[in-house]
Amino acid sequence: MPENHQALLEVRGLVTEFSLEQGTIAANADVHIRVRAGQTLGIVGESGSGKSVLCRAILRLIPSPPGRISAGEILFDGTDLLTLSEAEMRRVRGTRIKMVFQNPMTSLNPVRRIGDQITEGLSVHYGVSKRDARDQGVELLRRVGIPSPESRVREYPHQWSGGMLQRAVIAMAMAGEPQLLLADEPTTALDVTIQDQILALLLELQERTHMAMLLVSHDLAVVAETCDQVAVMYAGRIMESASTKALFDAPMHPYTVGLMNSIPDMGAAAERLVPISGQPPDLLHLAPGCPFAPRCAHASSDCAETPIALNEVAPGHHTACLYPERITRGAP
Amino acid sequence: MQFLAYILSRLVQMVPVLFLVVLIAFLAMELVPGDPIMLMLGGRANETMLAALHAEFGLDRPAITRFFSFIINALQGDLGTSIIQRQPVSVIVGERIEKTVFVIVYGAVLAVLVALPLAVIAAMKHDRPVDHVIRIGGMIGMSMPPFWLALLLILLFGLGLGWFPIGGYGEGFFGHLWHLFLPGLTIALFLSPILVASLRAAMLDVMGEDYIEVARSKGLSPRRIMFKHVLRNALIPAITVLSINIGWLLSGAVIVEYVFSIPGMGSLLVRSVGSRDYPVIQGLTVVFALFVMLTNLAADLSYMLVDRRVLRK
Amino acid sequence: MPTQAILIAAPGAVRREVARWSVTLKVGSLMLLVIVLAGIFAPLVAPFDPYFQDYDRVLLPPSGTHLFGTDQLGRDLFSRVIYGIRIDLMVGFIITFVPMIYGVAIGALAGYYGGVLDSVLMRLLDTAIAFPFLVLIIVVIAILGPGVQSIYIAVFLVAWTMYARLARAEMLVERSKDYMLAAKTLGYPTSRIIFRHALPNIIGSSVVFSMADFVLNILLLSGLSFLGLGIQPPEPEWGAMVAEGRDFIFENWWICTLPGLAIVVTGTALSLIGDGLARRFGQRHQAIL
């Protein structure tokens, strides 16, 4: 289990709120995560679990009305990002933490050349000359596997396919050798055949540069293949976090079990898929206790009332469930 | 090659519209109740003149034949002759085109100079007090009749400050700039509210796009994002707006030329209605419409330069 | 649907509806209400007869008796401006909303049926926008002679095109919606489908535009009268009054500036209403074209 001071990124007690017409919701509530250099942390959850908001919160990209980060610390390489000025934060965004977004078709400006957009950060933050920027752009495209990058660097986004565009977006993120890469559902909008290629690319780049990676996905399979550590999110809270092996061998939260039971397993003999019963959580009207309680087969009356926190139930394995002993894999 | 194909297809689309335009111009004299020749001559008509002019204008021939002669002549640049001014219409109108163009371009440039900064401020500070002030200011500005604005400016600068001449066209390029400043400013003030509203809307649409969030994640400053990303993409709808409003620009030019005594097409139109100079009115109809169509074509072509996606269609 | 709520007009419903109005809509409506009432009750509001010429009181500056001063014929300008409300608002109203009625109808029909009807309409629309509006109106007036009837004819011939364009665009979107197909399969006559079912939903952009159009039409009307091609003196139309005051602009500025101010105030009220309507019916970034 990595010590605190070795973590490149450590988020403590993060609360991100949004003021809506109907009330205030906490898209992230008391979130704790930790990522080391060279390591990949997967964040799994349904839509609305707050995982995408988490990525944006780390980069402080939360639109300020109506959202705001109301509590917590985001420690990056020792510095709390929440204490930085906006100008200092821009520097961090351009050079040390980069992000890959979900939809490659809309991530690039349609009226500007791809090469210009990939190296824009280099010119702005490193003062690289136009000629050097062009060369570096070609090199970056080559590294992400774009064929004939010298000619393609001058093309426009509408001329490329989704898979190629996502490679371009990754190239854009890799410019400047970031220490941490946030990938928000990087393969969700792509064809299944392309997904594997992109994931392999990300892992290869990580190995080469020893950067840390935060991979957000709703897809457990993706996370299982690529991540060293996993955190499961539900209704804005971390429900369970562990190494990937530990999580899949012995999940310690009913929600995690529910997720696993609802995925078809191609290898095993045909079992019935068991969807998670109940409705997705209404973030406006959450009970003070565990937000999963209404849907949990193992819940007792105090689950909905007692505020939850992450407890270490095994070395490096944390869960927010009050009664993890009630779980056995496969039980309804 | 794609450029050529695009241009050609636009030109082809213009043909039926041109036909209708010429038809309308033709009807301008055709539908006059009574005898247009008599109306043009006023009280000075006598039998022989009437007969001669009737023959010259082909009024003894059926309407269809006249229409076709009209088209054929128009295609050759001959728009008829004005009885009242005793000159070919194309000459009369021709020497005035340049003045109207100057006024319009001047007005458009000033309008953009006024509108662009206001739109940027309104978009960057949207929904905050500044934005509301700009919006309300725009509503008031849009309600100001151009003829009234023109007179106000004349009052201010003629009576008050005497900085600018209040009429005429001036000599030489800088003379024009100086004489036409007030007319141009009138048009600019009239046009700006629409421009500000449209530019602001276009910019806000762009600002909500994913790639703007991506740009922010790269650590780009708001200024850089505005100028390098937002403005460029908002230019496309802005060009649309400007070209849609060319009609209003020209309408404003008519009034402004009249008030400031500028010898352009607009003041000619007003005068010709009063003197019932139908050939001139016909010629002006065609020229005005051509003007609008060519401007729209130019706008379409400039899309090609800004946004390559257009060529795919 | 909000329009139906107003139609039912139960007092509670009306009050709830008004409470949802934005500041701009409330202020604009209030301003317009004051102006309209002043116009309706002009004989009570105006202190003098707008046509009465008093040669002893020529070219007087604004004062207690003559709020807006008098013109070169000794007529009280304030009274003329008040009576002018009747002309400008009424003519403006007619030339805005009458073309809207058949413009929307034509556009809806063309959008629904498509085919030849639609192609012909599109050619007409393209031709209409090829002309500066004012120029087209002037040409028609050149044929028919100046006066308010010519303005009516000219505008009725041309102004419907914008509404047809808007309604057609909305109908193209609307016609493939489920409730439309359902009505068709139920065998309702087409006229019912278009006018009872589709119309309330496609009319939004036209209503918002009509406010801006109203302002532009008042500007058009006063502009034409200013040029001598519209409403003729001695009628107290605001644009005509500005024209009459033009010769006196330096010494007696009030004659041409104050009637123009009436146009600005009325136009601003209408624009505020238009802006409020756009917000109310969800067309957030609708540019006031």
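Predicted model: local features only at pLDDT ≥ 70, side-chain atom pairs only at ≥ 80, totals over all residues.
How far apart do the C-alpha centres of domain 1 of chain A and domain 2 of chain A lie? They lie 31 Å apart.

Residues are numbered from 1 along each chain as its sequence is written, while chains are lettered from A and ligands numbered from 1 in the order in which they are written.

Let me turn to chain A. Domain 1 covers 9-84 + 182-193 + 211-265 + 274-326, and domain 2 covers 97-177; such bounds come from an automatic or database domain assignment. Where the two domains touch, domain 1 of chain A gives 12 residues and domain 2 of chain A gives 10 residues. Here, two residues are in contact if their C-beta atoms, placed from the backbone, lie within 7 Å.

On the domain 1 side, α1 (51-58) and β7 (180-184) of chain A each give two or more residues. Helices (H or I, at least four residues) and strands (E, at least two) are DSSP runs, numbered from the N terminus. The largest share of that side, 3 residues, belongs to β7(A).

I now come to the two chains. In this contact, 19 residues of chain B meet 21 residues of chain A. On the chain B side, the elements giving two or more residues are α10 (210-217) and α11 (222-244). Which element of chain B supplies the largest share of the side that touches chain A? That element is α10(B), with 6 residues.
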